[in-house]
Structure formats: C-alpha cells, structure tokens
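Dear colleague,

Please find the structure below, followed by a summary of what was found in it. I would be grateful if you would read the two side by side.

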Amino acid sequence: HSGFVAIVGRPNVGKSTFLNRVVGQKIAIMSDKAQTTRNKIQGVYTTKEAQIVFIDTPGIHKPKDKLGDFMMESALSALKEVDAVLFMVNATERRGAGDNFIIDQLKKVDQPIYLLINKIDEISPDDIMAIIDQYKSALKFKDVYPISALQGNNVPELIEALVKEL
Ligand code: GDP
Ligand code: MG
C-alpha cells in the first residue's frame, strides 16, 4: 500500500491544514493569504503497512502571468505522476469560477479523483448533500468525503480508503 497522492483545490480551501494533520508535522506553510505555498510540498504518511506521499499543488489556478503559466504547467505535470487526486472544495462557499477552472483541468486526469468537502465543522449536516450536489455531476469521482481538516472529522476514514486503493 504505497503511492503518491496530489491535493488540488483553490486557495484557502484547507489543503495545507489537511496535509499538516495527516502527516503530523508542519510541512506546508499555512496562511490565510492566497498562494503562500508556491511550490509543491510533500508530506509522507507512514505506517507499518502503508506509505503515502502527499503533494500539495497550489499552482493549479487560472494563470495571471508568465510565472503563473509556469507554475500551472509544473503543477499539471505533477498530476500525471500521482496514483490518486484529492480535489478539495470549501463547504462554506458556493462552487465558483476557481473550482470550475480546476474541474476543467481534472477532466484530463485518468487516475481516481476523490472529492473532499472541507470545513464541514462550519456548516449544518443538513447542508452537506446540497454542496455535494453542486459537484457530483462535474467529474467522475471515485468517492466523496465531507471532512474537517481542522478538527479531523472523517479524515481517518479517507486515509483508510486511500491505503486500500494504493
Ligand atoms: P490552502 O490555501 O488550501 O492550503 O488552505 P489552508 O490550509 O492554508 O487554510 C486556509 C484557512 O482555512 C486557514 O485559516 C485554516 O485554518 C482554515 N481551515 C482549513 N481547514 C479548515 C476546516 O476544516 N474548518 C475550518 N473551520 N477552517 C479550516
Ligand atoms: Mg496551502
């Protein structure tokens, strides 16, 4: 059970928070400011039976300039090398242009894609289905996990599923 898993999602959805929780160390730089983590930073989840290398891909967003183009290209090429992709969205916001841009990029990805609805600690459980409905027809998802990267809800279940997949 080992492999590479990329996390994609627009700025501030909680990618770094998730990574830091899962790998148990401060690896990715956390910030409220968009795009603080410019490089793909890897964290490794290791147990007796599994090793998952996580790749944070903050570069996947609509490029604004040449540097953005370059980051976008490198982030997309990183996606080709992974075994699974986690697409993280924010449960407290509606699906927007930033999400749609990423969805278009993910249409080119053949590996299993998991939809992570993050920040469920901030919404009512009754609203989770409505958020899933906004995304479920956009891409073919292997599975959907409503999670809280901050509080940990459903994160062990997701990791267990990834370990089985790899
Ligand atoms: P990134 O840009 O996708 O890497 O997002 P960050 O991990 O830097 O998180 C952006 C902000 O969202 C920070 O203030 C986090 O504390 C907050 N955040 C991340 N995950 C959660 C969550 O599950 N629940 C709540 N309430 N806040 C979260
Ligand atoms: Mg980050």
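**Overall architecture**

Of the 166 residues in the protein chain, 31% are buried (a residue is buried if 20 or more other C-beta atoms lie within 10 Å of its own, exposed if 12 or fewer, and partly exposed in between, with C-beta atoms placed from the backbone). Please note that this is a predicted model, in which local features need pLDDT of at least 70 and side-chain atom pairs count only at pLDDT 80 or more, while totals for chains, interfaces and linings use all residues. Residues are numbered from 1 along each chain as its sequence is written, and chains are lettered from A and ligands numbered from 1 in the order in which they are written.

The protein chain contains five helices and six strands; these are DSSP runs, with helices (H or I) of at least four residues and strands (E) of at least two, numbered from the N terminus. Their order along the sequence is β-α-β-β-α-β-α-β-α-β-α. Among the contacts in the protein chain with a separation of 6 or more, 67% are between residues 24 or more positions apart (two residues are in contact if their C-beta atoms, placed from the backbone, lie within 7 Å).

Strand E5 spans residues 113–118, and six of its six residues are buried, so the strand is largely enclosed by the rest of the structure. Ile113, Leu115 and Ile117 point one way from E5, while Tyr114, Leu116 and Asn118 point the other way.

E5 has a parallel pairing with strand E4 (residues 84–90) over six bridges, and another parallel pairing with strand E6 (residues 143–146) over four bridges. Two strands pair if DSSP finds at least two bridges between them.

Gly98, Asp99 and Ile102 are the buried residues to look for in H3. They cover an arc of only 100° around the axis, which puts them on the same side of H3; the arc is that of the directions from the helix axis to the C-beta atoms. An α-helix has 3.6 residues a turn, so residues three or four places apart point the same way. The buried residues of H3 pack against E1 and E4. Ala97, Asn100 and Asp104 are exposed, on the face of H3 turned away from its buried side.

**Individual residues**

Asn12 has a positive phi of about 75° and belongs to the loop between strand E1 (2–8) and helix H1 (15–23). With 18 other C-beta atoms within 10 Å, Asn12 is partly exposed. Lys119 also has a positive phi of about 75°, in the loop between E5 and H4. Lys119 is buried, with 22 other C-beta atoms within 10 Å.

Finally, Phe54 is part of strand E3 (residues 51–56). Phe54 counts as buried because it has 24 C-beta neighbours inside 10 Å. The C-alpha atoms of Phe54 and Val85 are separated by 9.6 Å, and the two residues are 31 residues apart along the chain.

Yours sincerely
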